[in-house]
Every structure is written in structure tokens, then in C-alpha cells.
Amino acid sequence: MARALDTVVLGFLGTTLDGGATAARWERWRPSVALCQHPDLLVRRLDLLYPQKARPLADTVIEDIGRVSPETEVARHEIEFADAWDFEEVYGALHDFAKNYPYRPEREDYLVHITTGTHVAQICLFLLAESRRLPGRLLQTSPPRKGDGPGSVGSYAIIDLDLSKYDRLAARFDVERQEGASFLKAGIETKNAAFNRLIDRIERVAVASRAPMLLTGPTGAGKTQLAKRIYELKRARRQLGGEFVPVNCATLRGDAAMSTLFGHVKGAFTGALKDRPGLLQRANGGLLFLDEIGELGLDEQAMLLRAIEEKVFYPMGSDRQVESDFQLIAGTNRDLGARINEGRFRDDLLARVNLWSFHLPALRERPEDIEPNLRYELEQAGRALGANVTMSREAKERYLAFARAPSSLWTGNFRDLNASVTRMATLARGGRVSVEVVDEELARLSALWAGAGAGAPQAADEALLEPLLSPEALAALDRFDRVQLAEVVRVCGRARSLSDAGRALFASSRLKKSSANDADRLRKYLARFGLDGASLLPAASPGGEGP
């Protein structure tokens, strides 16, 4: 079984409550000493904060802790405030302390002691813990009550406070949440409302949980990049201390799969000339990203399930367990439910990895976000080439008109966009992409997508309609109705209003009517399929993809 985490407590020395230098001090309740005396709370290390002038008291308290709890290590941290009642100064100093603290979340469980210290210090510790700048739970200790009997050390409680009732505090944390969401989008100012909601949810889960996550979506939708940014966000919050270890499971086969993931010992198979640690061991304390997890063999899936649940596994050829405590993010472009029915994926593994499941739709489903992503890719290409790369206005408008058109498949999603911008930036004379360069690139993309096969447009239609209709309703549609409805949904997704969409869809027939009510005509058409036209407009459109 996995090794239990060591309990580490961070808290202030109580200059009044912990006071006393004579033998009579043992007759008083002293919170910093008492918290190390609870038989069911084994404190491996106490990080004690105090000002320099309190050093003599700290010496006494540390000596007394050594007498009552020899197994507890006490780490000294002298921290100074010019004014211990100045909220801004105290918060700033504690924020710096939390930022530079050497956390080891894979080995240690942190508790923040809020019984001692000034009220200002307690509030600041509370804020830092709730915002995850201090990645620990709150610990409150209390003195013995009447009737507890001699030798009682009082009680303690590990608490989580509900911040929803504190509006100003919630506003402070909302700013951090927005910063985290922007980080996950690489700073790209995406406009698709559904995608922005998706990223907000991912940010909340990433910060609050170490449970496995499953990222689904087509190839090139940005799963690997998003997993890397989730890791970087958690590492910045001191929630992970190890490496980011990405693995493409589609490249693993046979003994090589077992060896790569779980490692092997010398002689485990022909060619195993020395011990080799696997990638699961390398990911200890960090984040393991298993892309295309649906391609793993059933034997590897079984070992992975145990490694996720128990944090241990056996390298190939070894009878000794290896421990590894990692967070898992899995990615797939497969229907894992279908692979379970085919006997190619374990249902218990799917149940374990999709506690949090997020779908990253294709680039073509987010036409309004192509422009900010184009700017981002131009900046990235410029950095790679060591030059400032721009586009003329006419060149940019021509490229965006093509990129947003329903006929543009973007079969490779963001890989297509990245490659396209890289080519244009490389060919740009003086760092300026001209109309001629754009026209050449558009011809290249058209040729690329023309060879993608006749099934690509059909797949695009189904991908667009799947979030809107039940599987039964989608299956009941004739191919003619699917094509027509998919085009209507695309037009609505780019329109400012239902009237605007109706004018585009009924451009010819409306001229034959004496009074055309395009919005009402569109509503009636969509109602046949149980759809609300307003929900398809950009402000509420379904779908969206990573930056």
C-alpha cells in the first residue's frame, strides 16, 4: 500500500497563550505544545513562525515540544512585521512566505494552525489557505473543558470554511480564478461563450482536486497543450512538485508498452540489459498525461488501474512494488464506451478516469475564436523565427473569411492552423504576410482538405449536431435533413440575431414575399427539431475548443 503522508502544521507562536518560563507553565494550556500531544494527530513537523524578539519564548516552547513529542521536528521561521496589525503588511509577508515555502505534496499533508497569532495574522492565514496559496486545511485547537479530567490537552478540529457568504472575499478569489482561466487559455482572449465556461470549470476542478481528469475531442484539438497548462497552473499553486510526463499511448505496443510505463528489471525480457524506471515512476509527485489512452492494451490497463487506486505497481520481472503518487490526466479521440462494448477497454478503468470529463470540440465549431488564435500563432511563429510577423489588413481579412467558411474543414484542428501560420510567417518578406502569400496558403489548405475524403463533411455535420440532439433524434434524421440542419446551425452560430441569420438563410426566397419575417420563419424551422434559435447564437452557442 502507498505510504501515508506526513502531517505538517504551519502556525504562529502564541506570544501570550504559549507563554511561561517557570514550572507552572505545565499547568496551563499552551496551544503550540498541546497540538503535538494529541494521540490521534501525529505532527511530524511544526513550522513555527515568530518575530525575533520572541526567540527566548520559542526556545522554551520548542524544548517543551521535544519533551512531550520527541518524534515532532520543529522548524523555526523568524518573520517580522513593522506593524503586526497592518493587514496589507502582514498579508504581503505571509504571501511571500507561502510562495517560497518548499512544499512536497506527494509526501506531506499540510494543516494551517489559526488558533495563535493576532486576529490579523489569523485572517491572513485563512485567506491564503482558502485561495490555495497555502495548500492546506485549517486547524483549530481549543483548551480543555470543565470535566475533561486531569492531563487533558483539549481538542482540535480540521475545518473547511464556506466562503460563499463573504462577497468581498469571493470577489478576491474570483480575480484569481479569472487569472487561472486566462493562463489555461495561454492568454488568448477567446470569444466563444461555451468554451470560456468550459475553461472556467476546468480551472475550478484543477485547483480544487487531484482526481483524474479525462479530456476528449478530435485529434489536434489541443488536449496535450491544455494538460501541460493544467500542470503549470497546479505547479504555480504549489500543488505539484514533480514533472509533467506526457505519453502517447498509440505508440506503445507489447513488452515495450509495459516497460515504458512501468519499467523493468534486468533480465525481464530479451534485451533488458539493466534496470529501467518507467514513466509512472518518473511522474511521482507530478502529472502523468496519457494521450490516446484508448489505445492501451488490456494488461496495461489493469496495471494502470491499480497504480491509480493504490499508488503502487510492479515493474516487469520484479517482485518488489514501486510507489508513485501522481495526478493523471487522460486524453482520447475515441468513444471509450464503444471500445468497452468491443471488449477493448476496461469499464472499471473508465469509471476511474472520467470522474471529471471535458470535451474539446473541433476548431471549425468556434469560428469566432479563429482570429484571436491567429494572432497568437503569429506571435509564436515570430518568436521562433526571431522576427516580428504581421499581416496586411487585406491579407488578414481574406484569410479569416476563408478560415470561418463552412467549407473549411480544419481536419487537423489547431495543428492545421499552427502549420498554416508557420508556413505564411516563413514566406513573409520583411515579416509581413501579403495577399499573395495568403492566396498560396489557402490553395494549399483547400488541396489538403479535398484529399481528406468524402466522409469528412458528414463527420463535421454529425459533430455539430451531437451536442444539440439526443442520439435517438439524430439517428432518426434523413441525411438530407442532417445536412440542412447542420448548415442552419452554422449560420446561427455566426449571426448577431435570429433576424440576421434568417436574412442569410432565406436571401432569395424572402425577395418573393411582400413582408418577410425571417426570424419567425427560422424559429418555426428549428422548432421541428426541438431547438431554440436563441440558444444557437454566439452568446450561447454550444461547442468550443482550447486556445
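**Ground rules.** I am working with a predicted model, where local features need pLDDT of at least 70, side-chain atom pairs count only at pLDDT 80 or more, and totals for chains, interfaces and linings use all residues. I number residues from 1 along each chain as its sequence is written, and side-chain values use heavy atoms, with hydrogens and water left out.

**Entry 1: the whole protein.** I began with the secondary structure and found 21 helices and 15 strands. Helices (H or I, at least four residues) and strands (E, at least two) are DSSP runs, numbered from the N terminus. I then took the box along the principal axes, and the C-alpha atoms fill roughly 100 × 65 × 55 Å. The accessible surface comes to about 26,900 Å², and carbon and sulfur atoms hold 50% of that. Such areas come from the Shrake-Rupley method with a 1.4 Å probe; for residues, only the protein chains shown count as cover.

How many of the 547 residues count as buried? I get 48%. My cut-offs: buried is under 20% relative accessible area, exposed over 50%, partly exposed in between (1.4 Å probe, protein chains only). I also looked at contacts (heavy atoms within 4.5 Å). Among those with a separation of 6 or more, 72% are between residues 24 or more positions apart.

**Entry 2: the six-stranded sheet.** I traced an open sheet with mixed pairing, in the order β3-β2-β1-β4-β5-β6. Its edge strands are β3 and β6 (155-159), each pairing on one side only. Neighbouring strands here are turned by 25° against each other on average, direction ignored. For the record, two strands pair if DSSP finds at least two bridges between them. Angles run from 0 to 180 degrees between N-to-C directions, and axes are lines fitted to C-alpha atoms, for helices over the stretch in contact.

I stayed with β2 (residues 43-50) for a while: seven of its eight residues are buried, so the strand is largely enclosed by the rest of the structure. On one pairing, β2 runs parallel to β1 (residues 6-12) over six bridges, and Phe-12 has Leu-49 as its bridge partner. On another, β2 runs parallel to β3 (residues 73-78), also over six bridges, with Leu-48 opposite Arg-76. Further along, β4 (residues 108-113) and β5 pair in the parallel sense over three bridges, and His-113 stands opposite Leu-139.

**Entry 3: Ser-32.** I found Ser-32 in helix α1 (residues 31-34). It counts as buried because its relative accessibility is 1%. Its side chain makes a polar contact of 2.6 Å with that of Asp-18. By polar contact I mean a pair of N or O atoms within 3.5 Å; within protein, one must be able to donate a hydrogen and the other to accept it, and residues adjacent in sequence count only if both atoms are side-chain atoms. Beyond four places in sequence, Ser-32 touches residues including Phe-12, Leu-48 and Thr-116.

**Entry 4: Gln-140.** Is Gln-140 buried or partly exposed? It is partly exposed, because its relative accessibility is 38%. Gln-140 lies in β5 (residues 137-142), and its contacts beyond four places away in sequence are Thr-115, Ser-155, Tyr-156, Ala-157 and Ile-159.

**Entry 5: the five-stranded sheet.** This open sheet runs β8-β9-β12-β7-β13 with parallel pairing. β8 (244-248) and β13 (356-359) are at the edges with a single partner strand each, so one side of each has no neighbour in the sheet. Neighbouring strands are turned by 15° on average, direction ignored. Helix α6 (residues 193-208) packs on the sheet, touching β7 and β13, and its direction makes about 155° with that of β13. β7 (residues 213-216) pairs with β12 (residues 327-332) over four bridges, where Leu-215 partners Gly-331.

**Entry 6: Ser-324.** Ser-324 sits in the loop between β11 (322-323) and β12, and is buried at 2%. A polar atom of its side chain lies 2.5 Å from the backbone oxygen of Leu-280.

**Entry 7: cysteines.** With a disulfide taken as a pair of cysteine sulfur atoms within 2.5 Å, I count zero. Cys-124 is buried at 0%, and Cys-249 is buried at 0% too.
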